[in-house]
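The sequence and the structure come first.

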Amino acid sequence: MRYLFLLNPAAGKQDCTVQLIPQIRAAAARAGWSEADYTIHTTEYAGHARELARAAAQEAAQAGDSLRIWTAGGDGTFMEAMTGVQGFANAAVGCLPYGSGNDFLRTYGTRAEFTDLDAQLAGGEVTIDLLETSLGLSATICAAGLDAQVAYGIPKFRRIPLCGGEVSYLLSIVEQLCGHIGRRVTFTIDDEELTVDCLMCAICNGRAYGGGFLAAPEADPADGWLDVMIVRRVGRLTIAKLLGMYKSGRHFVNGQLTEEAKPYFLYRRARRVALRPADGRGPIVATADGECAPCDAVEAVLRPLSGRILLPAPAYERFVAKRSSLDVK
């Protein structure tokens with residue numbers, strides 16, 4: 001077994017490498033690893049984690065070894081490494097949450113569990129579904145509309161002191177609400193086509209995005225389905241009510257939309273979703289796991305059980321127990 005840590009010093013508001021490198025070395029010693037068992041790399045530019053992960057996976061495969069990689073950064077750094085190891089059955093990737101949003105972990109456990117290095121090294125590997133999107137590979141959610149526009153506007157707010165992931169998200173929401181709200185969008189959801197005056201939409205493999213908004217509070221990233229949430233266009237006074245439901249996950253309970261949510265939300269399960277603007281106003285902004293850009297059209301296709309991820313011990317045990325109970329049913 002080989003171990004690799006990829007640390008992104010540009011993620012979040014502070015350079016994580018200063019405190020994290022000695023902590024990793026201490027945890028490795030407690031786990032009984034020698035210094036030859038693991039490597040620590042600091043990423044230097046966008047895409048570097050992908051390159052380092054792929055090179056390490058290829059080298060390990062040629063040697064007949066398994067590889068475990070942990071990324072320290074945000075969802076974007078994690079997905080770079082996940083993208084790098086695609087095609088290598090010997091490699092799995094874990095997440096140390098030192099970015100601004102860190103929504104990937106919210107599907108599986110708590111930040112405390114994922115920052116516990118002893119729990120991480122004692123954890124295990126599981127297989128999950130992934131999304132192949134117009135913006136690249138995704139483990140959580142591909143979104144478009146107001147929510148993506150908000151994500152597109154977040155970086156400038158992160159530069160303000162004390163504006164972490166959630167605060168910068170809320171400030172960007174306020175900015176977007178001052179502009180034109182909503183788009184007319186045509187969706188193709190498996191074999192169904194519908195056109196909706198849409199505020200925003202989320203194609204969900206995981207549960208949360210935007211610094212903790214629970215778009216799909218019951219999404220199962222290993223069930224072979226995507227949870228598709230479409231929010232109809234509403235007036236500004238109603239948006240605050242919807243965002244409150246959306247943030248807490250109150251719009252979806254026990255496998256269905258709540259009565260309160262039904263006038264505003266559409267819900268589907270699917271394996272392939274495509275959408276395009278139908279209002280002649282140009283590209284629609286989309287986002288997926290750290291990537292955000294205007295797109296003429298957006299497509300998201302499920303790739304069943306194509307992601308090999310590492311979970312810290314408590315999250316790993318819960319995941320395995322849940323899968324076992326579902327298999328029994």
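Which residues does tyrosine 108 touch, not counting residues up to four places away in sequence? With contact taken as heavy atoms within 4.5 Å, tyrosine 108 touches Phe114, Ile128, Pro221, Ile309, Leu311, Ala315, Arg318 and Phe319.

This is a predicted model, in which local features need pLDDT of at least 70 and side-chain atom pairs count only at pLDDT 80 or more, while totals for chains, interfaces and linings use all residues. Residues are numbered from 1 along each chain as its sequence is written, and side-chain values use heavy atoms, with hydrogens and water left out.

Tyr108 is, with Phe78 and Ile309, among the residues with the most contacts inside the largest nonpolar core, which has 33 residues. Such a core is a set of buried Ala, Val, Leu, Ile, Met, Phe, Trp, Tyr and Cys residues joined through side-chain atoms within 4.5 Å; buried means under 20% relative accessible area, exposed over 50%, and partly exposed in between, with a 1.4 Å probe and protein chains only. Two or more residues each are given to this core by β1, α2, β3, α3 (75-84), β4, β5 (124-133), β19 (298-311) and α9 (313-328), helices (H or I, at least four residues) and strands (E, at least two) being DSSP runs numbered from the N terminus. The largest share, 6 residues, comes from α2. Apart from this core lies another, of 29 residues, among them Leu146, Ile173, Phe213 and Met229.

The two helices are set out below, the expected span being 1.5 Å times one less than the number of residues.

| Helix | Length | End C-alpha distance | Expected span |
|---|---|---|---|
| α2 | 16 residues | 23 Å | 22 Å |

In α1, Thr17, Leu20, Ile24, Ala27 and Ala28 are buried. Seen down the axis of α1, these residues fall within an arc of 100° (taken from the directions from the helix axis to the C-beta atoms), so they line one face of the helix. The face turned away from that buried side carries the exposed Val18, Ala29 and Arg30, whereas the cover over the buried residues includes β1 (2-7), β2 (38-42), β3 (67-73), β4 (91-97) and α5 (117-121). Glycine 32, which follows α1, has a positive phi near 85°.

In α2 (48-63), the buried residues are His48, Ala49, Leu52, Ala53, Ala56, Ala57 and Ala60. They fall within an arc of 155° and so line one face of α2, covered by elements including β1, β2, β3, α3 and β4. Just after α2, glycine 64 takes a positive phi of about 75°.
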